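Reader: I have a model open and want to learn how to read it. Take me through it feature by feature, please.

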Amino acid sequence: MNFRQSARDCSVLLTAVFFAGLASSAAQSPAKQASVAPPAAKSYPPELVQQGGALFRKDCSFCHGRDAGGGESGPDLTRSKLVTADVDGDKIGPVVRNGRPDKGMPPFDRTDQQIASLAAFIHTQQNNAVSTGGRRGAGGRKGVDVSDLQTGNVEAGKKYFEGAGGCSSCHSPTGDLAGVASRYQGLELEERMLYPKRAKPKVSVTVSSGQTVDGTLAYLDEFTVGLTDSDGSYHSWRIRDVKFKVDPALNAHVELFPKYSDDDVHNLMAYLQTLR
Amino acid sequence: MTSVRNGFFIALTVVLALATPTIMRAQGADEQLLLHPKSDSWPGYHGDYSGRRHSALKQITPQNVNNLSLAWAFQTNQSALIKSSPLLVDGILYFTVPDNIWAIDARSGHQIWHYNKPTSEGEHIGNRGVAMYKGYLFFAAPDAHLISLNAKDGSVRWKVTVADVTKGYWTSMAPLVVGNHVLVGVSGDFDNLSGYIRAIDPETGATQWQWNSTPPAGTPNQTTGGMTWMTGTYDPDLNLVYWGTGNPTPVLNGSTRPGDDLYTCSIVALNPDTGKLAWAFQVSPHDTHDWDAVETPVLVDGGFHGEPKKMLMQTSRNGYFFVLDRTNGKSLLTAPYGPVNWALGIDKEGHPIPNPAKEPAPDGRLIAPDEGGLTNYRSPSFDTKNGLFVVDAHPSWSVYFAKPADGLYGWAGADYDVWGKGVIEAIDYQTGKIRWSHEVGPGGSGAGVLTTDSGLTITGDAMGNFLALDSSDGKTLWHAGSGSQIVSSPITYELDGRQYILTSSGSVMFAWALPQS
């Protein structure tokens, strides 16, 4: 259902996350995951895994799936780079305790022992997913493999890139996109192609004295604009006191959504995958 | 001397008697209060039975709302986000997170009692609040039990099983009390299970009837699903309750459930005394995108294209706004209220026609809206003053995948949201056109909407600002940063001649009012 927040509850997710439906994906391609997976999987005491599993089912499984393979809105943790890099909860713990407010994940106040059990459960699920060739447990969200995303036509994609898509007005296969297919593969490449969620637009703020401050947009609501300048310092102003302009380049991605056919997406993906 | 003294005491007593109203005996939520809530109460999830979340209160206005200030805040000191809509009865507020209920003095915000019984089973994703019948509360626990408590002290009267948590059910909704029935719905999406609504006797906990939205699991070529996640509405004149049902399962793969998959993704009208289906209207035939139809079925009486109508309106998760004649379930209007690309058109009966080419596929399909939908569980409001349906909308795009290897159980595929934003939209119900819109930030806001007769729209943005908007044009009149995500719907009430607006964010409940002289 909802949330399920989406948003529904994804805010607890979801909320909103499903809400709500606000969380985004950090899924990795299996090829990439295989290349960083530890050679020998560590095993954990069964009681610890069991404890972690019970905790996971209660607080995490709606968004991340009962098997940690992804649920409604939360990413597949068995394909997560962060999980792969984690040692006994050193990376997982801070995410659990701080949440990911920008993606709709709330913080959970958990003891060291609870974090250790959660980490044991998640690593065990990751090991199981690797050993079963990525097959998922019943019920949860499934994985997307690099091989699933090979139905497009390179030539048609190049034509779309240079023509109807308007991509070449901002991007260049020999400039910013040179080697992009070596940096990202599979679903991660496709998600970044459709909309680069992590990209922070540039902003230019003109204050009352007439002085202009340029930087990377760090915060914006109806009332406050904040930026990070080239020194890494944060500045903010009341919107009523200044004039500001956010670089609209990212909007071009949003304007394309209603224009794309599914073939356009697959063809563009085929073309981008040639940029190694 | 004595007589003077006596005279003084008599005078003082008279003054006190004039100044102090008689101490009212707590009435609880009796049938009259539920049917006709007073301005000093909010006795059900939606306030009244209509689901309009609109208040006749007029003390806080577009002209004075810029003076709105904090009356009190209550901190649950828990990490769970407040997703419930509080009840207010006899001056006491009741609200929840999973496994917890608080009873709070609505004047001061101080705690009267706290029920805190951790459960280990079932999803703990959220709880929408309690229901009240006379002096008793009803609370749906994550482990799919309905618990009845004494409102005075939070002591448990009884606890009954609503569904089998070991099969994959849980409960999160706020029950609906109609007459002597407590109506409870069930949650679940990761298993192929049937959804249902159950009527429970408020005195004994005995089951009175059960209405199943789908056939039992394992019935060949039939769907499962149709979970009843959210609180319905009620028309006492027609004696019908209106309820939205959830998506079918398997969720993203429809191959084992050919056809429309009744009664999933539907608005159903049931007799509350018997559970008998009066009519059903399916908003998403053969859904493959997880778009349940459990968003509030809002009941509005008024003119539609010049004719008086008893209407039902829903901004559905699938991206369409529906206006139905609630006496018979016939369509009056179907119109998209944001980007929607999954339908071939609208059929003669007002149902969107799903485009088979937009079902999830091995190489992905670009779909609007995303899985969270164009809106979700947070309440919309019908502004009776302006004739506008106001909703926290979520224009969004996503990619949906499904392949044979994903199987036919539970999710049975994968979907990833690509982009979304939040927009408060005021929809003209006669045409479906958007009269005004107000952007509330990237990703989307989790705030519900309340409107008032004075012309205010209360909601929130994606960054955690509470907002008061002018209902006539959507312009911001007041705001306050709350410091956390807003994932609940506001309420309002008047106590001692003072109007309060209640909003929550994160784990804190905030009460706002005009400054007292």
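**A buried strand end and its surroundings**

Author: Leaving out residues up to four places away in sequence, B:Ser505 touches B:Gly464, B:Ser482, B:Gly483, B:Ser484, B:Gln485 and B:Ile486. Contact means that the C-beta atoms of two residues, placed from the backbone, lie within 7 Å. This is a predicted model: local features need pLDDT of at least 70, side-chain atom pairs count only at pLDDT 80 or more, and totals for chains, interfaces and linings use all residues. Residues are numbered from 1 along each chain as its sequence is written, while chains are lettered from A and ligands numbered from 1 in the order in which they are written.

Reader: Which strand does B:Ser505 lie in?

Author: Strand S38 of chain B, residues 498-505. Strands (E, at least two residues) and helices (H or I, at least four) are DSSP runs, numbered from the N terminus.

Reader: Is B:Ser505 buried or exposed?

Author: Start with the cut-offs. A residue is buried if 20 or more other C-beta atoms lie within 10 Å of its own, exposed if 12 or fewer, and partly exposed in between; C-beta atoms are placed from the backbone. B:Ser505 has 25 C-beta neighbours inside 10 Å, so it counts as buried. Now take one of its contacts, B:Gln485.

Reader: How do I read chain B as a whole?

Author: Count elements, then check the overall dimensions. Chain B has two helices and 39 strands. Its radius of gyration is 23 Å, close to the 24 Å that the globule rule gives for 517 residues, so chain B is as compact as a globular protein of that length. That radius is taken over C-alpha atoms, and the rule is 2.2 Å times the number of residues to the power 0.38. Along the principal axes, the C-alpha atoms fill a box of roughly 100 × 50 × 45 Å. Of the 517 residues, 59% count as buried. Among contacts in chain B with a separation of 6 or more, 58% come from residues 24 or more positions apart.

Reader: How do I read strand pairing?

Author: Strands of a sheet pair through backbone hydrogen bonds, either parallel or antiparallel. The test here is that DSSP finds at least two bridges between two strands. Take an open sheet of four strands in chain B, with the order S3-S4-S5-S6 and antiparallel pairing. Strands S3 (87-89) and S6 (111-116) are the edges, each pairing on one side only. Neighbouring strands are turned by 15° against each other on average, direction ignored. The axes behind that angle are lines fitted to C-alpha atoms (for helices, over the stretch in contact), and angles run from 0 to 180 degrees between N-to-C directions. Inside this sheet, S4 (residues 92-97) and S5 (residues 100-105) pair over six bridges. There, B:Thr96 stands opposite B:Ile101.

Reader: Which residues of S13(B) are buried on each face?

Author: B:Tyr196, B:Arg198 and B:Ile200 on one side, B:Ile197 and B:Ala199 on the other. That is five of five residues in S13, 196-200. S12 of chain B (residues 181-185) joins S13(B) by four antiparallel bridges, with B:Leu183 opposite B:Ala199. S14 of chain B (residues 207-212) pairs with S13(B) over five bridges, also antiparallel. In S14(B), B:Trp209 is the bridge partner of B:Ala199. S13(B) and S14(B) form a hairpin with six residues between them, and B:Gly205 in the turn has a positive phi of about 85°.

Reader: Where is there a positive phi in a residue other than glycine?

Author: One case is B:Asn239, with phi near 50°. Its place is the loop between S16 (233-235) and S17 (240-244) of chain B. B:Asn239 counts as partly exposed, because it has 14 C-beta neighbours inside 10 Å. B:Asn77 also has a positive phi, about 55°. B:Asn77 is exposed, with 8 other C-beta atoms within 10 Å.

Reader: Which peptide bond involving B:Pro250 is cis?

Author: The bond joining B:Thr249 and B:Pro250, with omega about -5°. B:Pro250 lies in the loop between S18 (248-249) and S19 (266-270) of chain B. The bond from B:Leu262 to B:Tyr263 is cis too, with omega near -10°.
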